[in-house]
Amino acid sequence: MWESLKWRDWMPRRQKKADREKEHAPDYGGYRFTWKELGIYTGEGLALAGLLAWLFYRSLWAVLPLGGLVPVFLKRTADRLGAERRQELALQFRDMILAVSACLQAGYSVENAFLEAGRDMERLYGGPSLIVREAEMIRRGIGNGVPLERLLMDLGRRSGQTDVEDFAQVFGIAKRTGGNMNEIIRRSAAMTSDRIEVRREIETSLTSRRYEQRIMNLVPFLIAAYLQAASRGFFDVLYGNPVGILIMTGCLAVYLAAVWLSERILMIQV
């Protein structure tokens with residue numbers, strides 16, 4: 001639960017000149033909060049710590065040691081948001097390479113096919129979307145004389161998605177070795193699209209299980225709230241004394257372990 005808590009990976013920071021230059025080529029392998037997001041999710045983490053303090057210790061002072069769970073909550077949230085962003089990029093990239101394949105069949109050259117596909121993505125997703133931003137970087141790179149295969153390899157490296165990286169590698173090999181580029185790209189685009197679609201279907205099938213997991217995580221709080229309302233004083237013997245605190249600490253450890261285990265079970269690499 002505590003692994004990889006490197007605050008530099010998700011904490012916002014002041015943008016220096018070098019950072020502003022890198023911002024034009026984002027790395028999708030991690031997720032960095034904005035200051036607004038950091039405030040919102042820190043508040044959610046503190047609210048969760050307060051809820052745990054009420055359920056297991058019935059004391060506001062317990063929020064202080066339980067506040068150590070806030071960095072874990074922030075790290076988990078950053079991982080979730082990063083995974084959602086990578087999945088969004090993969091789906092949009094699938095649409096772009098299908099558009100590229102259609103342009104190639106219409107007689108465009110490879111570079112012009114990517115430029116036209118970028119305009120299609122802007123009409124489809126709008127300006128602020130991830131793929132439109134990447135298409136604009138490809139357009140600027142081509143305009144500056146940067147080889148297209150290098151631009152795609154850079155996108156594949158930054159994307160954190162094996163499908164995007166595999167397509168970039170196949171494209172680079174085909175570009176270097178020659179051959180029927182249109183046919184190679186068309187087949188590669190179809191295969192990449194199929195893999196991304198299968199990945200999306202698996203993720204969709206797991207969505208209901210994740211909702212069930214979140215509901216099960218709330219069950220102890222609902223049971224405690226019900227017993228508190230129906231049978232006042234039922235849990236009083238567990239609060240305010242060393243033995244009760246020790247027992248409730250053990251229960252908290254079991255609860256956190258169960259939450260961690262449920263996340264690991266649903267962490268299926270597809």
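Let me begin with a term: a contact means heavy atoms within 4.5 Å. What you see above is a predicted model, in which local features need pLDDT of at least 70, side-chain atom pairs count only at pLDDT 80 or more, and totals for chains, interfaces and linings use all residues. Residues are numbered from 1 along each chain as its sequence is written, and side-chain values use heavy atoms, with hydrogens and water left out.

First, the chain as a whole. It has 10 helices and zero strands; helices (H or I, at least four residues) and strands (E, at least two) are DSSP runs, numbered from the N terminus. Of the 270 residues, 36% are buried. Buried means under 20% relative accessible area, exposed means over 50%, and partly exposed lies in between, with a 1.4 Å probe and protein chains only. Take the contacts between residues at least 6 apart in sequence: 67% of them join residues at least 24 apart. The chain exposes about 16,100 Å², and carbon and sulfur atoms supply 61% of that area. Accessible areas come from the Shrake-Rupley method with a 1.4 Å probe, and for residues only the protein chains shown count as cover.

Now helix α7, residues 148-159. Its 12 residues should span 16 Å at 1.5 Å a residue, and its end C-alpha atoms are 16 Å apart, which agrees. The expected span is 1.5 Å times one less than the number of residues. What does α7 pack against? Its buried residues pack against α4 (70-105), α5 (110-125), α6 (130-143) and α8 (162-177). Among those buried residues are Leu148, Leu151, Leu152 and Leu155, and also Glu149 and Arg158. After α7 comes Gly160, with a positive phi near 75°.

Asp79 is partly exposed, at 34% relative accessible area. Its C-alpha atom is 9.7 Å from that of Arg32, which is 47 residues away along the chain.

Next, the surface. Leu48 sits in helix α2, residues 35-56, and is partly exposed, with a relative accessible area of 36%. Together with Leu51 and Trp54, Leu48 forms a nonpolar patch with about 230 Å² of accessible area. For such a patch, nonpolar side chains (Val, Leu, Ile, Met, Phe, Trp, Tyr) are joined within 5 Å, each residue having over 30% relative accessible area and no salt bridge. A salt bridge is a side-chain nitrogen of Lys or Arg within 4 Å of a carboxyl oxygen of Asp or Glu.

Last, the cysteines. Cys103 is buried, at 7% relative accessible area, whereas Cys251 is partly exposed, at 36%.

Definitions and conventions: Patch = residues over 30% accessible without salt bridge, like charges linked within 9 Å, V, L, I, M, F, W, Y side chains within 5 Å.
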